Amino acid sequence: MKKTMLPYILSLFGYLFLTSIIFFPVLFQGMVPATPDSVSPMATSIALDALKQDIGRYPLWQPWSFSGMPTVEAFTYLNGLYYPGMLLGIIGIDGLLLQLLHFVFAGLGGFVLLRYFRLPDTAAFLGGAAFLMTPYMITMFVYGHGSQLMTAAYMPWIVWAALRLLQNMQPADMGMLALLVGFQLQRGHVQIAYYTWLLLFLLLLMTIAWGEPALRYVRKYTMFFAALGIALTLSAVVYLPVFEYTPFSVRGAGSGGGAAYGYATMWSMHPREFITYLLPGAVGFGGITYWGEMPFTDYPNYAGLVVLLLAVAGFILERDQAFVRFLGVSLVVMVLLSFGKYFSPVYDFFYHTVPFFNRFRVPSMALIVVSLNLALLAGFGLHAVTKAFSGKWMRYLTAAVLGLAVCTLVFLIGQAFIGGFVQSLFPPPRVENVELAGLIDTVRWNLWKSSFLWMAVMCGLFAALMWLHSKTLAGAALTSVLAVILALADLYVVDRQIVSPAPDTLRPSRLVEGRTLAKAFAEDDITGFLSADTTSRYRIYPAGTLFPENKFSVFGIESVGGYHPAKLKLYDETLRATNNLASIRFLRLLNVGYVLSTLPIDDPELDLVHEGELSLAGGPLNVAVYRLAGALPRAWFVREGIAAEPGRDVVASVLGGSYDEGVQALVENAPWRGKRTFGKAEIHSLSVDPERIDVSVTAEGEAFLVLSEVFYPLRWKVSIDEEEQKMYRTNGLLRGVLVPEGKHDIVFSFDRGAFENGRKLSFAGLAMALVLVGTGLSASRFGRNPL
């Protein structure tokens, strides 16, 4: 038993070592990622942690960004619903440490999967390490996409569990697959989880070729789909609310609840950018020097040159193995999907036909599967070349080396001409400074040149190693070890450029000292001034570059701006129609009391009341605070209701000159036609909590109350004297309710039903999976070993 476990233990420590080396600044120098994608959710999480402790239950609505939006159903604040994270949190493993541990988990998954096919330990270690170190995974950590990283880490484990179940058909394997798929779904990056499911269904198709008896097929597929059903149940606490939210989300803006085609294909991978698998700097690497077809990117799609060579060798030499063919076929499918709009037949078929596929954007994200498959194929390749690399293969290698040598010589001799030609392909940099533009083009060429020379060196070293092995000057074991070192050194060089880019690359490091980031979340002049105003409830409007800032949530300051990729569709439409709320009238409707700007504003409706420093992760900014004259309160009664005609652009009408926002309200689906006058009414008290708003009123006749909160009828309900009432979409964005004559208590409450039902289902799914896994442990105890 000890000898059996030793390779796994050694690999575990090996992956820990690799993770420690790559992220040495994070683990040992107190550095932390500080990109907008990491800082923004961090600020919201700090605020939600405090809110959770204050209200004693899991918060489902946060009021600080975009005038309020959901949490769980918009894939926000999921850490407390991820069971492995909750368990590890008990022993202090959370936050960045939890993310880094998933690198080790990913590598170990690759090792376990390849050992399942009885590959030697060294080959299996390479497969896991290559996946762990792929630049995609490294970038996800550095640039604040921890959910992508942790979701992707499950992929090799899920394939392993699926293979075990399809081969053994044991309840324990069924439970293990359910646990792994369920935990992956809980981690909350549904697009990568979806690609994992595509892999699983391609794996199922592969088993049809095995030609087994029909009865075995029935049992196999029943257990397989039952395991996936349990996994969905286990993740219901997240996905039950999410699926209901999708039609209300900006990501459900297309037909059938999917993302609109143009939005979905924004990050399509142009076929010519696949040159980065050979030359990582060929299209500028990332950041300001990137000149490819995507809107922007921060890393090259590179899997390692040695890994790529071994993967090709693995597919050619081991193609008789069904799993190797599966890796090859699924790799091609994912490459075609990553083309998106640049090769529409395949992508369009999936977009219009395959369930839920059209809910995702970033087609290039499918390349995470390509990285995994190349890493696994490299493991097969290393095993193959060390046992059978001679004869014709050596002749092919010799021809390839000679060809590369000639190309390198031509490149070195004609560098000036080649450089001029390559630079002629560069599009103009997106900067106004001519000197900076020239510098960018110089860096682009240097990246291209260094990538080519690096490719020549790596290919030469790999060829030399294979030559030594073919001449029996290096045995199989030594060749394997040296190949692994060469492959990992290749990947490390590129990973290092992502974690700690050199100054001459024009890409700043995205890591900052922890205490610097802590200062960004500490109180400063601006947040201190705003927090001190407790005279009334108000929101702020962060103008210009401040608009996506989420820091204000840490101090309970509600903003009409913020950052979130899955905001409410209704709010997003309003932002587009108003140029990010650049309208005094809309700011008043949204209860904005202060406008913040880094630039002077000359407007008679805005009075400068404070100037000071706002501390952010990128450094302090001088900010001016303006008080907005005539701001409306959080709730008010109108004297006139105007029934909005079906199909009418209500936002445009609100922006129109004849509309009086404090007296009139444009009401959609109103129970009257034209205009209607309402009686006088008074608000006696207003109590606002994140998931409940109480309003005590008196009306002399039937009145209409406008609440300056985002209209979201799926969850927010309204009752008057404990009787549920119809809530009307008002002024294009807000909530409204008809109030009868008399004194009344009005309550707007958030419906937690879907979340609580999902939580119960998740506990049930976890119990079912654990019972199934327990059958394997029980069988092993009594002499049977289904595992």
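User: How many residues has helix H3, and what does it reach from its first C-alpha to its last?
Analyst: This is a predicted model. In it, H3 covers residues 36–55, which is 20 residues, and reaches 28 Å end to end, close to the 28 Å expected at 1.5 Å a residue.

User: Which residues in H3 are buried?
Analyst: Ser38, Val39, Ser40, Ala43, Thr44, Ala47, Leu48 and Leu51.

User: Why would residues three or four places apart point the same way?
Analyst: An α-helix has 3.6 residues a turn, so they do.

User: What do the buried residues of H3 pack against?
Analyst: Strand E1 (31–33), strand E2 (61–62) and helix H23 (514–520). Just after H3 comes glycine 56, with a positive phi of about 75°.

User: Switching to H21. How far apart are its end C-alpha atoms?
Analyst: They are 54 Å apart, and the 37 residues of H21 (434–470) should span 54 Å at 1.5 Å a residue, so the two agree.

User: What caps the N-terminal end of H21?
Analyst: Asparagine 433 does: one of its side-chain oxygens is 2.9 Å from the backbone nitrogen of glutamate 435. Just after H21, threonine 472 has a positive phi of about 60°.

User: And glutamate 318, buried or exposed?
Analyst: Buried, because its relative accessible area is 9% and the cut-off is under 20%. Glutamate 318 sits in the loop between helix H15 (305–317) and helix H16 (322–338).

User: Which side chain has a polar contact with that of glutamate 318?
Analyst: That of glutamine 321, at 3.0 Å. Leaving aside neighbours within four places in sequence, glutamate 318 also contacts Ala313, Val324, Phe380, His383, Ala384 and Lys387.

Methods. Residues numbered from 1 in each chain as written. Predicted model: local features only at pLDDT ≥ 70, side-chain atom pairs only at ≥ 80, totals over all residues. Heavy atoms only, no water. Helix = DSSP H or I, 4+ residues; strand = E, 2+ residues; numbered from the N terminus. Expected span 1.5 Å × (residues − 1). Polar contact = N/O pair within 3.5 Å; in protein donor to acceptor, adjacent residues only side chain to side chain. Buried < 20%, exposed > 50% of the residue type's maximum accessible area, 1.4 Å probe, protein only. Contact = heavy atoms within 4.5 Å.
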